[in-house]
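Please look over the complex shown below, with attention to how its chains meet.

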Amino acid sequence: MKTIIDARGLACPQPVILVKNNMKDFSEIEVLVDNETALENIKRLAGSSGYNFSYEKSGDSFRINLIRENNQTSSGEEAFSPSCPGVKSVVVISSDMMGNGDVDLGRLLMKAFIHTVTTLENFPEKIIFYNSGVLLTADGSGVNDDIDLLAEKGCEILICGTCVNYYNIKDKIKTGTISNMYDIANSMNSAGRIMKP
Amino acid sequence: MICEDEDEHFVALFFSVSHVMKAEKILQKSDIPFKMIPVPKTISTDCGVCIKFEMQLVERIRSLLDGAVEIKEIIRYC
């Protein structure tokens, strides 16, 4: 049986996921995609699922033909990880220092790092502060304006509540959400990519 | 470099990271607003940290650091 999927305009990894879901029911799949990332992901999926892959370029799109090879049944269960270059990252700040070594140097580097995060092209969706990292969110840390800017630009600021309590800085936090271990662990687990200086 | 008036700043560059850290400690004891930022790529591609401040503070910063930390250069930056 054959199906036709129009995956143009969909964000990565949706096109390849759609194709994967249809492999259970169809031995022949025609897919329209509008970017090379989707093309490459579907090519890799075809290779690992026993489908013959071919495509032709038509205008700005690619028309892909997938045909299940003889004696192959799609298991659909194999691990396949789509690669999406633009996935959003979550920044994890676990200390007020960047790296291990000299304390003063580490603190200086961390300030420079936080400032640089505000200028990143692939803007992170979240930034999580815990342990001594929470000190950076307190008034007077030297990066308050950067954290404000991150929030303004749509980055969610999660601050470990236990840590805020431990360091006794609750009154000094102006920007961000006081959060908990469940949200923090869940955010890390569902992150496209974790960035930890 | 053309700046909007309100965005006009200077950055002070130093000869080493140790110099920057020393300068930061001195400025922290004053009430002067300043900010530690990575040396902008437009100024130098070296890995470094510098001190950013508002234009009108330049003389105060110079006098606070005078004799304590040598400033390599002060450059306009926005």
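How many salt bridges are counted between chain B and chain A? The count is four, a salt bridge being a side-chain nitrogen of Lys or Arg within 4 Å of a carboxyl oxygen of Asp or Glu. This is a predicted model, in which local features need pLDDT of at least 70 and side-chain atom pairs count only at pLDDT 80 or more, whereas totals for chains, interfaces and linings use all residues. Residues are numbered from 1 along each chain as its sequence is written, chains are lettered from A and ligands numbered from 1 in the order in which they are written, and side-chain values use heavy atoms, with hydrogens and water left out.

**Interface**
- Lys25(B) forms a salt bridge with Asp104(A), where the closest N and O atoms are 3.0 Å apart.
- Eleven residues of chain B are in contact (heavy atoms within 4.5 Å) with twelve residues of chain A.
- The area buried between the two chains is about 910 Å², meaning the accessible area (1.4 Å probe) lost on putting them together, summed over both, and carbon and sulfur atoms give 66% of it.
- Met21(B), Lys35(B) and Pro38(B) supply 49% of the area that chain B buries against chain A, more than any other three residues.

**Second largest pocket**
- This pocket (an open set of points on a 1 Å grid over the protein atoms alone, where a 1.4 Å probe fits, with protein on both sides within 12 Å along at least five of seven lines) is lined by 20 residues, lining residues having an atom within 4 Å of a point.
- Among the residues nearest its centre are Lys111(A) and Glu24(B).
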